[in-house]
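Let's take a friendly walk through one part of a protein model. Have the sequence and the 3D view open beside you as you read.

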Amino acid sequence: MEIRHIFLMLECYWFTIFCVPLPVLCAGNALGLFVCAALVIITIFWNSFAELVSTVFTSSFIGAAAIILISLLIIALAIYLFVLNTKMLIAAHKKADTDKPTTVIILGCRVKGTRPTRMLRRRLDAGLKALNDNPQSICIASGGKGEDEKISEAQAMKTYLIEKGLDESRIYLEDQSCSTYQNLKLSKVIIEKYNLPKQVCIATDGFHQYRASIMAKSLGINSAAISAPTEPRYEPTYRVREWLALTYFFIFQKSANNQ
């Protein structure tokens, strides 16, 4: 078996993984499918592709410069994604002092009807475990009402937590936000208004913790992480989407949020 066949099998495997969320198509699996499809085509026609690159490289100075520039960009992208993933991993495992009073901000996610989706339930279960482990902690359920939702995410989250046995007096609602930044900004208002514990933990998926922590820091919140597990079959799609969201944030939103 040639090494090209091994690459082809791996590329087909990842193409299949990015097909899992279909028919739902988001930036994460769309980009994943595009890249995997491109790699499959290049691998199948490798000899023709290598000959084309060689011809372009040797044909002129401009062709050689273009090939070198594209190669450098690919290397730079690989380094960028490696650093990004490392920071995401570190942020997902940043622990708080469990002996101190803590405000646990559970970030909202889509609600079906009046019930939390599986992703939101995992965030709630992770937050609930931390709340049960630390009786001094309180909770802010953060999430507004989307156009296709019957109730706010915060209200659905509160109902779920109460059903699981959490005392209602430990739950505060933030039901006006429609983004991660608003989740945290409006939750900070609640913390200050009710003089809640200043140690903050953010309960969300592990891949989401880095972006959430950056936004929290821009608001003057030094946060730790309570990371919920993500379904393995959806992890690649969500991670690629998070790369794009972080890149967009770095380029367009970070300075705006700090104004």
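Helix α7 covers residues 180-193, 14 residues in total, and spans 20 Å from its first C-alpha to its last, close to the 20 Å expected at 1.5 Å a residue. That expected span is 1.5 Å times one less than the number of residues. Helices here are DSSP runs of H or I with at least four residues, strands are E runs of at least two, and both are numbered from the N terminus.

This is a predicted model, in which local features need pLDDT of at least 70, side-chain atom pairs count only at pLDDT 80 or more, and totals for chains, interfaces and linings use all residues. Residues are numbered from 1 along each chain as its sequence is written, and side-chain values use heavy atoms, leaving out hydrogens and water.

Which residues of α7 are buried? They are T180, Y181, N183, L184, S187, I190 and I191. Buried means under 20% relative accessible area, exposed means over 50%, and partly exposed lies in between (1.4 Å probe, protein chains only). After α7 comes N195, with a positive phi near 55 degrees.

Now for two helix pairs. Axes are lines fitted to C-alpha atoms, for helices over the stretch in contact, and angles run from 0 to 180 degrees between N-to-C directions.

| Helix pair | Angle | Distance between axes |
|---|---|---|
| α7 and α8 (residues 209-218) | about 40 degrees | 9 Å |
| α5 (residues 118-133) and α6 | about 50 degrees | 11 Å |

α5 is therefore oblique to α6, and α7 and α8 are oblique to each other as well. Angles under 35 degrees count as roughly parallel, over 145 as roughly antiparallel, 65 to 115 as roughly perpendicular, and the rest as oblique.

Contact means heavy atoms within 4.5 Å. In α7, T180, Y181 and L184 meet R211, A212, M215, A216 and S218 of α8. The residues of this α7 contact with α8 divide into five nonpolar, two polar and one charged. Ala, Val, Leu, Ile, Met, Phe, Trp, Tyr, Cys and Pro count as nonpolar, Asp, Glu, Lys and Arg as charged, and the others, Gly among them, as polar.

K158 touches E168, I171 and L173, not counting residues up to four places away in sequence.

C178 sits in the loop between β5 (171-174) and α7. C178 is exposed, since its relative accessible area is 67%.
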